[in-house]
Amino acid sequence: MSENTAPTPSLEDIVSLCKRRGFIYPGSEVYGGLSGTWDYGPLGVALKRNIMQLWWKMFVDDADNMYGVDAAILMNQKVWQASGHVDTFSDPMVECSNCHSRQRADKLADPNKCPVCGKTSTFGEAKQFNMMFQTVVGPNFAKTRQEAAEGSDFDEKMDYNSNAVSYLRPETAQGIFTNFKNVVDSFYPDVPFGLAQQGKAFRNEISPRDFIFRSREFEQMEIEYFVHPDQWEAEFENWIARVHAWTDALGLPESSVHELEVSGDDRAHYSKRTVDFEFDFPIGREELLGLAYRTDFDLGNIQRVSGKSMEYRPKDGSPAYVPHVIEPSFGLERAIMAVLSAAYTEDQVNGDKRTVLKLPKHLAPVKVAVSPLLKNKPELVEKAREVYVMLKKEFGAVMWDDNGNVGKRYRRQDEIGTPYCVVIDFDTVEGDTTGTVTVRDRDTTEQTRVSIAELVRTLQ
Ligand code: GAP
């Protein structure tokens, strides 16, 4: 039996486990890293996909008025001009008078002390720093490389045609709004209906920090839910309930999830009401995801700038209107960090400390680990292989584990959150219990004998 010992993990506990066990590594680590970027290893990518699939199932497949899209990351620059991001998607930035490092002004713990050099500093007045990553699409430089080589100076060579400027999208939402009319024309949905998208978003954060919590490249899962303007309040309340169903499905304790009504000054430029869902992360209570009432801000802007109507015509012949939007916006990295923090447990098993990730079974990267008790006994290995193949066919995410002794394997599987370990031992191949295996439960550490014929059904 296991006994719970440690309270909430520290951020270092999570970072260290993620690195050690192949969940998440620092981006470009072999070259010294690239600040604000992270790479997912074999277990991290499995966890990430399980969360993405759960989200898609809950919000798209299980609903009858939701449609998925997958828009290009690079979009016409007019998208970001119309949406207000070119003008307003910025954070206040200050510079340390000693080390000249640049910091986010609204996140400075001490307005007189630099968090980088540690010295007393004057930061001066904040400047607005636009967080979009700008790029150039196509070979659209004012001069080609050859023309530049034939006499122009270097700066001229880099003087690109400003019409070719694009941005790595800072939110997935705009790829949904720009496809609103396409989906309406293809599917004739009744309002209310939603468009959902999962994908990368990029922000040149002034101070990326706290592991994957604030990164420069991350993944969003967003829904734009189109409603009649008179219905937005009721629909907003429905979405509050749906978001709670989501945090439950992630296995986050209700007591660690908090709603924060965001005040007018702190809301994004497009929102008339925002509720942030915060979570008690190891770094403190911070935003997990946001729910915003975006009004007709985005469709209205598209209509104005593109000159194309974004009006919706109800089938019953009532007057056409531009729908309003409720937007639940889920950050995948923050979901991963919350799931890992909630699952991370230290307890005692037979007097020994153990670290165990008590992940909800549907999110665990590996569902079952299969081991022969001893790897130098061909009769055990052969039987274990048979069991492994059988389980893999059924559950997919099954790991073969014959490293070290059984105790070490259990510890390793506990640390990665594998709900069950199946061990093939001498009792499997001889004596009264032939045809049975040991199934060990991650959370209770209890071991039971189950016949191979019943194993799939038992694990299900
Ligand atoms: N479309 C609305 C939107 O993008 P947001 O509050 O800026 O709203 C939504 O972002 C969610 O995206 C946040 O609640 C958070 O989960 C995630 N997110 C935002 N910036 C992030 C960053 N730098 N690193 C990781 N996740 C981030």
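Analyst: A polar side-chain atom of Gln-220 lies 3.0 Å from an oxygen atom of the ligand, which falls under the term polar contact: a pair of N or O atoms within 3.5 Å, where a pair within protein also needs one atom able to donate a hydrogen and the other to accept it, and residues adjacent in sequence count only if both atoms are side-chain atoms. This is a predicted model, in which local features need pLDDT of at least 70 and side-chain atom pairs count only at pLDDT 80 or more, while totals for chains, interfaces and linings use all residues. Residues are numbered from 1 along each chain as its sequence is written, and side-chain values use heavy atoms, with hydrogens and water left out.

For Glu-222, a polar side-chain atom is 2.5 Å from a ligand nitrogen, and for Glu-171 the distance to a ligand nitrogen is 2.6 Å. The ligand taken alone exposes 560 Å², and the protein buries 90% of that (accessible areas come from the Shrake-Rupley method with a 1.4 Å probe; for residues, only the protein chains shown count as cover).

The ligand takes up the space of the largest pocket. On a 1 Å grid over the protein atoms alone, a pocket is an open set of points with protein on both sides within 12 Å along at least five of seven lines. A molecule sits in a pocket if more than half of its atoms lie within 2 Å of its grid points.

Strands S11 (217–227), S14 (284–295) and S15 (324–331) are the elements that give two or more residues to the shell around the ligand; strands are DSSP runs of E with at least two residues, and helices are runs of H or I with at least four, numbered from the N terminus. S14 gives the most, with five residues.

There are 21 residues around the ligand, and those that come nearest are Glu-171, Arg-203, Ser-215, Glu-222 and Glu-287; a residue is near a molecule if one of its heavy atoms lies within 4 Å of it. By type, the shell holds nine charged, seven nonpolar and five polar residues. Here Asp, Glu, Lys and Arg count as charged, Ala, Val, Leu, Ile, Met, Phe, Trp, Tyr, Cys and Pro as nonpolar, and the others, Gly among them, as polar.

Technical notes: 1 Å grid on protein atoms, 1.4 Å probe; cavity = no way out; pocket = protein on both sides within 12 Å on 5 of 7 lines; lining within 4 Å.
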